Amino acid sequence: MQENNNQIITVRPAVEAVYKYMYQGQERQDELGLNLDSFKWRNYDYAIGRFNKIDRFSDKYYEDTPYHFSKNNPIYFIEMAGDSIITKNLYIKDKSNNYIYKSQIKAFEFFINTNTGKKYLSLFASKGQKIAGFLFKDDGKYHKKGIDLSFGGEPDGANNGDTGVGNNNNGKPNDNGRYSIEINIQGGDDFDVLSTLTHEIFIHADRDVKDILDNGILDNSNIDKDLRKKRFISRHHFQENRDARKKDGTLYSTMGYQILKQGNKKYKKYENNKKVWNSMWHFTY
Amino acid sequence: MKTIKKYGILCGILLINLFLSNCKKNTNIELEISTSGCYKNCSILDAKLINNILYFNFIKNNKYVGLYKYKLNKNESNKIISLVNSIQSDSLKKEYTSHISDIQTYNTKLKYKDKIKNVFYFNNSAPKEYQNLINFVLNLKKKKLSKTDTVIKFQTRNKVKIINLPPPPNPNK
């Protein structure tokens, strides 16, 4: 309250401090009586329980209406951005608002900021997706074919990583008919984490994609017949070692090597490129 | 009074026998494990439990290299018995595989009460109770071990062979 020429005037703060991040952590837009929840690409009208625009990935979720929210099951599902390169399991924060998987994020952003890394990930990207400051302008070839690529972190360990297809569906497509290739990376030394990420993308994820695309299922059909008998964890490794000896090499032995040479320049792990090359082949057969 | 004493002695003998028979059961547990590598630095080793002595053959990515042994204490023996008893051995499969690349695999052989179970599995794909047993035994490698010259044959290693391929030639140095 203020006193002015014997008149008492009530002064209210211009903006009331109201916490606006409501349902599923989205900002509530209540100016001018809008009453919408602002999601990344469209707004949710909670009065009618629907979005006000169609899902930009409605073709991926053909079994649902394009206006649905959380598959009409908000107790079981949360609404996701629906992009084809999924990083929500990588960019996770702790209670103090710090990223948990710092070295994995560093490696991922290093990878995506190289020309070769960007070019490769653009195969999976959906039009309009923005990752680490880079905007993908077109739908990638693999995105159009129904394949998503997901990145996740694991606590620090022995710089290991793993790659699987639809880990909850044991190699089968998801309910929406799309395959999800999931890469998990442990934290640790910066160069080693980058090396693991490069290994998982170029040796395993790429071979899984090509295995699916050649006949529609994951069945080792792109592995030489004599190597299909090898243990499942090793079949890609044997194939990689064999293919890298061919004239044109492989994605891992060409693009992967380029990325790791650049990584070594930054992190100075090895004295020379020969050692970088040799470090790329220390895995289980 | 004398009858009560006699009865007490009898009960005592019975209890001791019961205890001894339990101990005897424990010595009948035989377990053998061989681990594969994974993408980078998983511990590759063989382990064999016979008569409450656990032998480790450390191969790669371990604190030690070579053959070591560890004598289980009573608590550890009892824990192993309870873990073995928690397994539904009749429903155990011979193989639990996964489509995931780069994870560690385990080849195991469990002998208990005249039953033999051979189980090969990818990490996190076998029944929890079975994995708990294997993990408990493998974690005993962190105890104080002593080097040994005993010759131990690890049959489970055959299925998880260690292969070293040379790197391909560097195409663009």
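Biologist: Where is N159(A) found?
Modeller: In chain A, N159(A) is found in the loop between β10 (147-154) and β11 (161-165), where helices (H or I, at least four residues) and strands (E, at least two) are DSSP runs numbered from the N terminus. Residues are numbered from 1 along each chain as its sequence is written, while chains are lettered from A and ligands numbered from 1 in the order in which they are written. This is a predicted model, in which local features need pLDDT of at least 70 and side-chain atom pairs count only at pLDDT 80 or more, whereas totals for chains, interfaces and linings use all residues.

Biologist: Is N159(A) buried or exposed?
Modeller: A residue is buried if 20 or more other C-beta atoms lie within 10 Å of its own, exposed if 12 or fewer, and partly exposed in between, with the C-beta atoms placed from the backbone. N159(A) counts as buried because it has 20 C-beta neighbours inside 10 Å.

Biologist: Which residues is N159(A) in contact with, leaving aside its neighbours within four places in sequence?
Modeller: Two residues are in contact if their C-beta atoms, placed from the backbone, lie within 7 Å. For N159(A), with those neighbours left aside, the partners are Q186(A), G188(A), D189(A), D192(A), V193(A) and T196(A), together with K40(B) and N41(B) of the other chain. Between the two chains as a whole, 21 residues of chain B are in contact with 32 residues of chain A. The chain B side of this contact divides into 10 nonpolar, eight polar and three charged residues, where Ala, Val, Leu, Ile, Met, Phe, Trp, Tyr, Cys and Pro count as nonpolar, Asp, Glu, Lys and Arg as charged, and the others, Gly among them, as polar.

Biologist: At what angle do α4 and α6 of chain A pack?
Modeller: Two packed helices are described by the angle between their axes and the distance between the axes. Helix α4 (residues 190-215) and helix α6 (residues 251-267) of chain A pack at about 170°, with axes 10 Å apart; the axes are lines fitted to C-alpha atoms, for helices over the stretch in contact, and angles run from 0 to 180 degrees between N-to-C directions. α4(A) and α6(A) are therefore roughly antiparallel, since angles over 145 degrees are given that name, under 35 roughly parallel, 65 to 115 roughly perpendicular and the rest oblique. By class, their contact has 10 nonpolar, five polar and two charged residues. The buried residues of α5(A) pack against α4 and α6 of chain A.

Biologist: Which residues touch the most other members of the largest nonpolar core?
Modeller: A nonpolar core is a set of buried Ala, Val, Leu, Ile, Met, Phe, Trp, Tyr and Cys residues joined through C-beta atoms within 7 Å. In the largest, which has 44 residues, they are I181(A), L194(A) and L197(A), and α4(A) gives the most to this core, with 10 residues. A second, separate core of 30 residues includes C38(B), L54(B), Y68(B) and Y121(B).

Biologist: What is the phi of K113(B)?
Modeller: Phi is near 50°, a positive value in a residue other than glycine. K113(B) lies in the loop between β6 (105-112) and β7 (115-122) of chain B and is exposed, with 10 other C-beta atoms within 10 Å.

Biologist: What pLDDT does chain B average?
Modeller: Chain B averages 88, and 87% of its residues score at least 70, on a scale of the predictor's confidence in each residue from 0 to 100.
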